[in-house]
Every structure is written in structure tokens, then in C-alpha cells.
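I opened my notebook to look up a few spots in this model. Here is what I wrote down as I went.

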Amino acid sequence: MELHDAEKCGGYDAHVVASAWKQRVLPAPLQSSATSCGIAATGHAAGGISISDLSPAAVVVGLDMHFNMLKLAYASLCLQERPAAQPAGTSSSTPTYFIATNEDPQIPVGEDFLLLPGAGGMVSALRTVSGRSPDFVCGKPHVDMAKVLFEAEGITDPQQCLMVGDRLTTDIAFGNAAGCKTMLVLSGAEKMDRVRQAERDGHVSLLPDFIAPSLAIFLPPA
């Protein structure tokens, strides 16, 4: 659900958000009933529903250029309302899962490669205010995405693949965990000092097989 900017709603007000959560401001779902001739009749039930009635199956957090306090508040309420992890011995309702597309802390932007906040900042914000960690992380460095790609492309030997990226903790860690060859390009988030630091710290899982100045290395000679 796309929420309006907090500024357009008069700013972030805890009392307003808390009461709006329960207000019946959305149209009621269509009701259907079978008739004698087998045709379903539809209509709106009276009263409408509130956002708290939606019981979302999941809250999915990715890079959002319009992230604001209002979205954070509603996402937190969704996760608090129906926690996925129920204490032992208690009755469980349908869980609302917390899914992160990725946890990249920053993204390089522009010719100067300025580092702006990535999806990881939004995931961390929701983790803090909801008291829950993601149930699933789809993106790097988690290897589930690699397994899907290998199966889709019929790849049986990951060593025949080269994972190229600009960040040690996501791209290179992902490739190494998936069993691929890895190449770090220095035209993005990381520079050689980070590679040397990883070597000194013994973080073998973050070390690439190859290092290149940029993706231009793949272009044919002029």
C-alpha cells in the first residue's frame, strides 16, 4: 500500500497514526454468493475496513526513495500486530512475515560515486522500531538467489560462473558463498584499502579472486 508523504498528512503525529490505524477508511471487500443459476452476485458490505483489518501476509522492504515516518509507523504496526514467531504453547494466527529485498547499507550514485542510503537503512529502521529481524532476506549475500539462478540456467558447476560486484560484504561474499569465482571492481563502493583490511582481519569469505579497475575490462580492445 502506497502511503502519502508524512508532510502532506500534516506531519508525523503519533496520536493521528495510532487512531488512523483503526479507522474504517477503505472500501469493504466484495462479497459473493451463489445464485440458483450459478451466477455470483457481488456487492459491498456496509462499514468498510481499516488498515488493521488487512492482516498482510508480509511486509516487504526494499529501496524506497520516498521512505518516511508514516510508512515506517504502519509497517511497524503490521509486524507488531501479527508476529511471525509465536511463543511455544500459544495459539498462532496467520503470520505476517518481515521480508527484506536486500540489506545494502549504501548505494553509489553519480559520477562522483557518492554513497547514499540503501535499502539496508530502511530494513534497520524497521528492525529497530518493530523489535523484529527479517524472516527472509532475498538479496546478497544470502545464497538463495544463486540457487534459483543456477536452477533456471541449468548451471551445475558454480565455478564456471564469475560474480562481479563493487562491494565485499554483499557481492563478493555472495559469490564466494555460492561457490563462484569472484571479481571486485574498484569503480563503486569499495577501494583497495578495504581489500587490504579484509586480508589483515582474515575475512577470507570477503576476498575476491580477481580485482579490476572497472567493468571496462570486459570491453574488447580499441
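**Before starting**
I am working with a predicted model, and I kept that in mind for each entry.

**Entry 1: Asn102**
I started by asking where Asn102 is found. I located Asn102 in the loop that runs between strand S4 (97-100) and strand S5 (106-109).

Next I wanted to know: is Asn102 buried or exposed? Its relative accessible area is 18%, and the cut-off for buried is under 20%, so I noted Asn102 as buried.

What does Asn102 touch once its neighbours within four places in sequence are left aside? I listed contacts with Ala119, Gly120, Val123, Val137 and Gly139.

**Entry 2: the ring pair**
How many aromatic pairs does the count come to? I got 1 aromatic pair. The ring centres of Tyr97 and Phe136 lie 5.8 Å apart, and the planes stand at 55°. Planes count as stacked under 30 degrees and as edge-to-face over 60, so I wrote this pair down as tilted.

I checked where the two partners sit. Tyr97 belongs to strand S4 and Phe136 to strand S7 (residues 136-137), so to speak two distant parts of the chain, 39 residues apart, are linked by the pair.

Tyr97 is partly exposed, at a relative accessible area of 34%. Phe136 is also partly exposed, with a value of 46%.

**Entry 3: the sheet**
I moved on to an open sheet of 3 strands, ordered S8-S9-S10 with parallel pairing. Which strands stand at the edges? They are strand S8 (162-165) and strand S10 (210-212); each has a single partner strand, so one side of each has no neighbour in the sheet. On average, and with direction ignored, neighbouring strands here are turned by 20° against each other.

I then took a look at one pairing. Strand S9 (residues 181-185) runs parallel to S10, and 3 bridges join them. Leu184 is found opposite Ile211 in S10.

Helix H5 lies across S8 and S9, and runs at about 160° to S9.

Definitions and conventions: Residues are numbered from 1 along each chain as its sequence is written. This is a predicted model: local features need pLDDT of at least 70, side-chain atom pairs count only at pLDDT 80 or more; totals for chains, interfaces and linings use all residues. Side-chain values use heavy atoms; hydrogens and water are left out. Helices (H or I, at least four residues) and strands (E, at least two) are DSSP runs, numbered from the N terminus. Buried means under 20% relative accessible area, exposed over 50%, partly exposed in between (1.4 Å probe, protein chains only). Contact means heavy atoms within 4.5 Å. Rings of Phe, Tyr and Trp (its six-membered ring) pair if their centres lie within 6.5 Å; planes under 30 degrees apart count as stacked, over 60 as edge-to-face and the rest as tilted. Two strands pair if DSSP finds at least two bridges between them. Axes are lines fitted to C-alpha atoms, for helices over the stretch in contact, and angles run from 0 to 180 degrees between N-to-C directions.
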